[in-house]
Every structure is written in structure tokens, then in C-alpha cells.
Amino acid sequence: RPASVRRRPLNPSQQLFFPYFASLNITRMVANVTRIIREYLRLISVYSRGIYMKNCNIIRTFFRSLLLQAVWNFERMQNVGFLYSIMPCLKEIYVADENRLKNAAMRHFDFFNTHPYIANTIIALTLILENENTTSEETKSQQIKSLKLHLGGPLAAIGDTFFWSRL
């Protein structure tokens with residue numbers, strides 16, 4: 001290979017923490033994941049200003065999220081566990097309208113898969129988007145689907161690398 005195409009050798013700390021990804025461009029991958037997380041943290045700060053939920057429902061959601069992988073299927077992975085986790089807060093958000101609650105529940109039967117220890121991040125972001133009253137149901141559905149699809153993979157990669165490979 002010409003000198004301009006050759007990759008720099010990894011330093012010892014990179015070899016220690018990323019032995020399986022030695023041939024990948026780790027810097028670019030981490031920069032992309034950091035950019036995505038930064039964007040969603042910006043969304044949290046914008047959307048979470050007027051959101052108040054009962055603490056008991058937040059605690060229920062947390063403890064239910066520990067059972068995220070209790071019901072697995074090979075077609076849509078963790079979707080049932082995800083819906084089970086957020087159901088107390090969905091019932092609080094859509095307390096007046098049973099039809100909207102049913103639509104919200106059906107919205108979460110799409111494909112969902114991420115690392116179970118980091119899934120609470122996506123659960124919190126999803127509940128923030130669910131509690132937002134300014135958007136239409138169609139827009140909300142697309143935002144939530146996009147959030148779960150685009151953030152599930154990078155967080156799964158980070159969780160797998162950290163928890164399964166290192167601890």
C-alpha cells in the first residue's frame with residue numbers, strides 16, 4: 001500500500017480496549033456515536049421542560065425494564081419487553097383516551113433490540129417523545145420509530161463492548 005493509504009498502528013490503550021475492532025476505524029465510529037448521543041441529549045433538554053410524571057410510574061418503569069429480555073422473539077427481538085416496561089407511563093400519559101393508548105401500544109410492537117443494560121436511555125427518550133403534545137400522531141410515530149431504530153444499534157455496540165467484553 002502507498003504511505004497515504006496505510007493505517008496508523010493502534011496505541012496500547014486502543015489495543016487493550018478494542019481488540020476485536022482493530023481493523024476498523026474506531027475514531028470515526030466513536031465520533032458518530034458521540035454525535036448521535038449529543039443530538040438526543042439536546043432533544044431531551046428541549047422536550048423535557050414541561051414533562052412531569054408520577055415518581056411511582058417512573059420507578060415501575062425502571063423495575064419493569066429489568067425484565068426487558070423476559071419475552072424474546074426472533075422476529076422483533078425485545079419489543080414486548082419494551083412495551084411492558086413503558087406501559088405504566090403510557091397509561092398515565094393517555095389516561096383520558098383509550099384509543100390513543102391502544103395506538104401508542106401498537107406503535108411499540110415494531111422491531112427493537114439493544115443492550116439490556118443501556119435500554120433505559122432509549123426508554124426515557126421514548127417516553128419524552130410520547131409525552132410531547134405538540135406533534136401529530138403520525139409525526140410522533142415516525143420520530144419514535146426513528147429513535148428506537150437509529151439509537152438501538154450504537155448503544156448495543158457500546159454496551160456489548162463494555163459489559164460483555166470487559167466486565
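**Figure 1. A nonpolar surface patch of about 620 Å² is formed by Ile59, Phe62, Phe63, Leu66, Leu67 and Tyr84.** The model is predicted: local features need pLDDT of at least 70 and side-chain atom pairs count only at pLDDT 80 or more, while totals for chains, interfaces and linings use all residues. Residues are numbered from 1 along each chain as its sequence is written, and side-chain values use heavy atoms, with hydrogens and water left out. Patches are made of residues with over 30% relative accessible area and no salt bridge, like charges being joined within 9 Å and nonpolar side chains (Val, Leu, Ile, Met, Phe, Trp, Tyr) within 5 Å. A salt bridge is a side-chain nitrogen of Lys or Arg within 4 Å of a carboxyl oxygen of Asp or Glu. Accessible areas come from the Shrake-Rupley method with a 1.4 Å probe, and for residues only the protein chains shown count as cover. Helix 3 gives the most to this patch, with 3 residues; helices (H or I, at least four residues) and strands (E, at least two) are DSSP runs, numbered from the N terminus. Phenylalanine 62 lies in helix 3 and is partly exposed, its relative accessible area being 41%. Here buried means under 20% relative accessible area, exposed over 50%, and partly exposed in between (1.4 Å probe, protein chains only).

**Figure 2. The chain as a whole comprises 7 helices and 0 strands.** Read from the N terminus, its elements follow the order α-α-α-α-α-α-α. Of the 167 residues in the chain, 32% are buried. The chain exposes about 10,900 Å², of which carbon and sulfur atoms supply 60%. Among contacts with a separation of 6 or more, 71% involve residues 24 or more positions apart; a contact means heavy atoms within 4.5 Å.

**Figure 3. Serine 65, in helix 3, makes a side-chain polar contact with asparagine 120.** The two side chains are joined at 2.8 Å. A polar contact is a pair of N or O atoms within 3.5 Å; within protein, one must be able to donate a hydrogen and the other to accept it, and residues adjacent in sequence count only if both atoms are side-chain atoms. Serine 65 is buried, at a relative accessible area of 5%. Not counting residues up to four places away in sequence, serine 65 touches Ser85, Asn120 and Ile123.

**Figure 4. Arginine 107 and glutamate 130 form a salt bridge, one of 2 in the structure.** The closest N and O atoms of this pair are 2.9 Å apart.

Figure 5. The side chains of glutamate 130 and tyrosine 94 are joined by a polar contact of 2.5 Å. The C-alpha atoms of glutamate 130 and alanine 104 lie 8.1 Å apart in space, the two residues being 26 residues apart in sequence.

**Figure 6. Threonine 126 is a buried residue of helix 6.** Its relative accessible area is 0%. Apart from neighbours within four places in sequence, threonine 126 is in contact with Phe82, His108, Ile144, Leu147 and Lys148.

**Figure 7. Glutamate 75 and arginine 76 form a salt bridge.** The closest N and O atoms of the pair are 3.8 Å apart. Glutamate 75 counts as exposed, at 62% relative accessibility, whereas arginine 76 is partly exposed, with a relative accessible area of 34%.

**Figure 8. Methionine 77 has a positive phi of about 55° although it is not a glycine.** Most residues other than glycine have a negative phi, and most peptide bonds are trans. Methionine 77 occurs in the loop between helix 3 (55-65) and helix 4 (79-93). With 18% relative accessibility, methionine 77 counts as buried.
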